[in-house]
Amino acid sequence: MSRKPISFRTELPLLIWLVIVWGALWRDFSPGNLLFGALIAVLVAKFFYLPPVELSGRFNILRAVPFALMFVAKVVAASFLVLYLAVVKGPKVRSAVVAVPLRSHSDLMVTATGHVISLIPGSLVVEVDRSTSTLYLHALNIYEEADIDKIRRETQNIEAGLIRIMGTREEVEALKSEIRPGMEGATL
């Protein structure tokens, strides 16, 4: 299979990650083991096609801290909601699979959004359509169309927060131009 060459600078984060995973798997971060892990990482990157992760080159720490705090708050609140649903409603709880189209077509942004959503109890990504950047979520406590709209809105707000933290300049500009009435104060 022929593929266009990827620059070493673009591939470096992947190689570093593979070496860290190698050391963690062997529970050995000695120089010799890490060197051997680096050799394995280079071989994997050269012989197996791994699409490059295009980083935007920007990370806004001032947006990341409130996002992280809000994420922890959502995890805690959702944990109590799932507890309540399990104890009080039991098997009567209704769930649904909801399609959520995302703004970004970046693999990194789609993956990050999916991971954040999956880490919040009560929702789980069951499918990703890369061609349309659509996440399919299994969500609890869905009884009407308004609940579906709420899940979509929350997911798109999480994506917007991630775009503000580490999206490309073009994605940030598109997000700014998209702000709708009533959404001016949205930070997530």
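Trainee: Where does N141 lie?

Mentor: N141 lies in the loop between β3 and α5. Helices (H or I, at least four residues) and strands (E, at least two) are DSSP runs, numbered from the N terminus. This is a predicted model, so to speak of local features takes pLDDT of at least 70 and side-chain atom pairs count only at 80 or more, while totals for chains, interfaces and linings use all residues. Residues are numbered from 1 along each chain as its sequence is written, and side-chain values use heavy atoms, with hydrogens and water left out.

Trainee: What about the phi of N141?

Mentor: Positive, about 65°, although N141 is not a glycine. Most residues other than glycine have a negative phi.

Trainee: Is N141 buried, exposed or partly exposed?

Mentor: Partly exposed, with a relative accessible area of 24%. Buried means under 20%, exposed over 50%, and partly exposed in between (1.4 Å probe, protein chains only).

Trainee: And R27, what phi does it have?

Mentor: R27 also has a positive phi, about 55°, and is not a glycine. R27 sits in the loop between α1 (8-26) and α2 (31-47). With 78% relative accessibility, R27 counts as exposed.

Trainee: Let's step back. How many helices and strands does the chain have?

Mentor: Six helices and three strands. Along the sequence, the pattern reads α-α-α-β-α-β-β-α-α.

Trainee: Which strands does β3 join by bridges?

Mentor: β1 and β2. Seven bridges link β3 (residues 134-140) to β1, and that pair runs antiparallel. Six bridges link β3 to β2 (residues 123-129), again antiparallel. Two strands pair if DSSP finds at least two bridges between them.

Trainee: OK, residue by residue. What stands opposite S95 in β3?

Mentor: L140 does. P101 has T134 of β3 as its bridge partner.

Trainee: How many residues lie between the strands in the hairpin of β2 and β3?

Mentor: Four. S133 takes a positive phi there, near 50°.

Trainee: Back to β1. Which residues are on its covered face?

Mentor: A96, V98 and V100. The uncovered face of β1 has S95, V97, A99 and P101. The strand covers residues 95-101.

Trainee: Now F71. Which helix?

Mentor: F71 lies in α3.

Trainee: What does F71 touch?

Mentor: V116, L119 and I120, leaving out residues up to four places away in sequence. Contact means heavy atoms within 4.5 Å.

Trainee: How far apart are F71 and V116?

Mentor: They are 45 residues apart in sequence. In space, their C-alpha atoms are 8.0 Å apart.

Trainee: What about contacts across the chain? What percentage join residues at least 24 apart?

Mentor: It is 69% of the contacts between residues at least 6 apart in sequence.

Trainee: What share of the chain do buried residues make up?

Mentor: Buried residues make up 29% of the 188 residues.
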